[in-house]
Amino acid sequence: MNLVDEDPELAGALAAEVRAQHDTLALVAHASLADPSVLAAAGAVLNNVTAEGYPGARYHPGAARFDVVERLAVARAKAVFGARYANAQPHSCSSANLAVLVGLLPPGGVLLGMDLDAGGHLTHGAPASVTGRHFRAVHYGLAGGLIDYDQVAELARAHRPAVVVAGASSYPRALDYRRFRAIADSVGAYLVADISHVAGLVAAGEHPSPIDIAHVTTTSTYKQLGGPRGGLIMSGVEHDRPGPGGTGTLAELMQRSVFPRTQGTPNPGAIAAKARALDLALRPDFRSWARRVAADARALAAGLVERGHRVLTGGTDNHLVLLDLRPHGVTGVVAERALEGCGILANRNRVPGDTRPPLVASGLRLGTNVVARRGMGPAEMARCAELVHVVLAAVARDRFDGEVRARVRAEVAALCAEFPLPFYPLEVGV
């Protein structure tokens, strides 16, 4: 069946998205590009299989081929991250985090995680998340823009959490996992590391790995891994450690925490796509891309600092660059929309001490995953910094008009044409 002939409305929307991605400068921090083979695996006939349970212990017949695929995904996750245990079934990192917390914490148990405004994630105990409602969450913050480890230790002593979470969604510096582990050990807590945003850098050795330091590590499989929307739960040397309350080993507990405690049927197509993406992550060109991601982020941060912007922490250790827009009197949502009108994608983000609601925010989050995949290097990041600066300066002076928009949009188009989007040739269409 031909989608263009059978459903031209849907086909047209998909083709328009391909064109838009080619012509857009994507500086969004939470995205990467999936290889066509990953997309093909995600859409394979394996999606027709229903099979609750795990390989060799399914609750439905006809899962023998799926067993092979899931075992591949698990083995490759272990190989990529040096893990001893992996579960490839979580539908997202949020699902993975929920499963881990449900396994390690009783209802009302104490969780210590990073505050949302400091760069944490909803699933680290934010009030808007079920993790902040089902558990008693305590949050640590920043001192001078960096994680306040003394505060983490103080809060741990005062509240005796059962779980400490080390991870963030908008924190541009490397985490000291060994210090987090020492704090967790001091109060008998489990350390959970969420590497969703830096998983590719961890896999490539461009960011410290928590696998053998934390008790459990979680990640998403899209963002930096170029896989499908999904998650992983992993453990290193602690995988055979007894879980809480005599519930078996941590690995056994994590298996039960995913199925049947927090999920039912897995997504076979997504697991196949995870297996393919993880295979690609084992290759030398993935490591080269990760090095370029980190180098690009440093160059982008430096370029924005040179142009007078307040870059939080003064730079970055990963792919993230965070701008505090308050000195320019610009809100995050206004900056985001102005940039999008010029073909530049970056998202509004709350910053420490922010008094604006999340839908408005006072900051801007940028990332280099996609531009690095297009082949752009530090020299091009100077051009990107200038384009972002032109837009933000025009907005701050109330001079953002059609002329500025057209000029920047033309420069964005030229830069994108110089570094074409890989994988998805326009002539192929949908």
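**Close-up 1. Strands E4 and E12 run antiparallel, joined by three bridges.** This is a predicted model. Strand E4 covers residues 85-87, and its Tyr 85 has Ser 235 in E12 as bridge partner. Strand E11 (residues 216-220) also pairs up with E12, again antiparallel, through four bridges. Look for Ser 220, which stands opposite Gly 231 of E12.

**Close-up 2. Strand E12, residues 231-235, is mostly covered.** Five of its five residues are buried. Gly 231, Ile 233 and Ser 235 point one way, while Leu 232 and Met 234 point the other way.

**Close-up 3. Asp 5, Glu 6, Asp 7 and Glu 9 form a negative surface patch.** Glu 9 sits in helix H2, which spans residues 8-23. With a relative accessible area of 71%, Glu 9 is exposed, because anything over 50% counts that way.

**Close-up 4. Phe 259 and Pro 260 are joined by a cis peptide bond.** Omega here is about 15°. Pro 260 belongs to helix H10 (residues 250-262). Most peptide bonds are trans, and most residues other than glycine have a negative phi.

**Close-up 5. Ala 361 has a positive phi, near 60°.** You'll find Ala 361 in the loop between strands E16 (347-349) and E17 (363-367). Ala 361 is buried, at 0% relative accessible area.

**Close-up 6. Asp 398 has a positive phi too, near 60°.** Asp 398 lies in the loop between helix H15 (378-396) and helix H16 (402-418). Is Asp 398 buried or exposed? Asp 398 counts as exposed, at 72% relative accessibility.

Conventions:
Residues are numbered from 1 along each chain as its sequence is written. This is a predicted model: local features need pLDDT of at least 70, side-chain atom pairs count only at pLDDT 80 or more; totals for chains, interfaces and linings use all residues. Side-chain values use heavy atoms; hydrogens and water are left out. Buried means under 20% relative accessible area, exposed over 50%, partly exposed in between (1.4 Å probe, protein chains only). Helices (H or I, at least four residues) and strands (E, at least two) are DSSP runs, numbered from the N terminus. Two strands pair if DSSP finds at least two bridges between them. Patches are made of residues with over 30% relative accessible area and no salt bridge: like charges are joined within 9 Å, nonpolar side chains (Val, Leu, Ile, Met, Phe, Trp, Tyr) within 5 Å. Accessible areas come from the Shrake-Rupley method with a 1.4 Å probe; for residues, only the protein chains shown count as cover. A salt bridge is a side-chain nitrogen of Lys or Arg within 4 Å of a carboxyl oxygen of Asp or Glu. Lys and Arg count as positive and Asp and Glu as negative; His and the chain ends are not counted. The place of a charge is taken as NZ of Lys, CZ of Arg, CG of Asp or CD of Glu.
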